[in-house]
Amino acid sequence: MITVVVYSESGGTFKTTTTANLAVALKRMGLDVCVIDLDPQEGNLTSLFDVGSHRHDPEADNLVKHILEMPDGDFEDLIETSSEGVDVVPSHDMLGDFTSNLEQKISYETGMQNMNRDDYPRFELLHKLLWEKESLHESYDAVLIDPNARAEDLLYNAIFGLRTLVAPVKPAGKGNLSLDGLEELVENMENELDIQIGLSCVVPAGVGQTNAHQQYQKQFENTDAFDTPVAIGDRDSLMDAMWEARGSAFKVIEERWKTYEEDGEMVSKPGQRRIREREIETLQKLYELARFVATETFDIEIDPELVLDIEGKGTRTIDLRDDSETEVPSP
């Protein structure tokens, strides 16, 4: 099965939108997909997919309680399904206190078992929950995690549990991942967790037309250190509209969501967007990214046809096998 953590240690790299688009693309390819949101901040995957109505309720059952083996209900009751058919384990405020709660659990259990704290498997708890206790591999073809950005217990649990990274990067600007920095990041995590970590691919996102952006993109594409199957152009309007549509870029285009000014106020509505060819090309690249992850990294067979049913514009079908396209206009 496909098990991927979408991770970048730099901010502004479209980590959450990449996770959402990858999940929906895999779903549209015919796979059963579950996404786990480990980011406690606002503006996370839970918000994007419009799930997690109990995320601020301190009494509600949530993923942290299950990881720490003190659940208030069944794991399956945590799962919500987005409007695009992707199952989501939502974020919860308790994620922000995960390490302090974990420390309490470690103190109690090591004291009861007369165990050295350093011997406690603090990074293996999510792995145990997902695969040993809940057997998600029997229910899903793909499990993705959108983690918190900081290198701490939650992130290490995510990587220990799924073992493979997809790394979105913004190919310009001080502080963003360099090629050497990305390799060092993976190596450090392998040493910390004592496991092998696969890097499926790097995804330059927000690539503009400036010389600096183009040079960064070529640097990523020309390296032999890792694969760069696609580069996503600067599509701020499309990606921003995802938050208003509460879904993927595919939903934005098919329902034609647009944010604009009306009567002195900014509003977002479906059925208003003018569909541009460069945005269709972006959807094709997102689909190609999902195909690469599925077929090249995990050897999973998928449906290679991207079918877009665009409101008022008919159906467009793009076959990734031969890059052909057919268009059926609306009657």
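Helix α11 has 21 residues (277–297), so at 1.5 Å a residue it should span 30 Å; its end C-alpha atoms lie 29 Å apart, which agrees. The expected span is 1.5 Å times one less than the number of residues. This is a predicted model: local features need pLDDT of at least 70, side-chain atom pairs count only at pLDDT 80 or more, and totals for chains, interfaces and linings use all residues. Numbering starts from 1 along each chain as its sequence is written, and side-chain values use heavy atoms, without hydrogens and water.

**Helix α11**
- Helices are DSSP runs of H or I with at least four residues, strands are E runs of at least two, and both are numbered from the N terminus.
- Buried residues of α11 include Ile280, Leu283, Tyr287 and Ala294.
- Buried means under 20% relative accessible area (1.4 Å probe, protein chains only).
- Asp299 follows α11 and has a positive phi, near 55°.

**Strand β2**
- Five of the five residues of β2 (33–37) are buried.
- Val33, Val35 and Asp37 lie on one side, Cys34 and Ile36 on the other.
- β2 runs parallel to β5 (142–146), with five bridges, and parallel to β4 (87–89), with three.
- Strands pair if DSSP finds at least two bridges between them.
- Cys34 has Val143 as its bridge partner in β5 and Asp87 in β4.

**Aromatic pairs**
- The whole structure holds two aromatic pairs (ring centres within 6.5 Å).
- Phe123 and Tyr156 are edge-to-face (planes over 60 degrees apart), at 5.1 Å and 65°.
- Phe250 and Tyr287 have centres 6.2 Å apart and planes at 70°, so this pair is edge-to-face.
- Phe250 lies in α10 (249–255) and Tyr287 in α11, so the pair ties together parts 37 residues apart in sequence.

Conventions:
Buried means under 20% relative accessible area, exposed over 50%, partly exposed in between (1.4 Å probe, protein chains only). Rings of Phe, Tyr and Trp (its six-membered ring) pair if their centres lie within 6.5 Å; planes under 30 degrees apart count as stacked, over 60 as edge-to-face and the rest as tilted.
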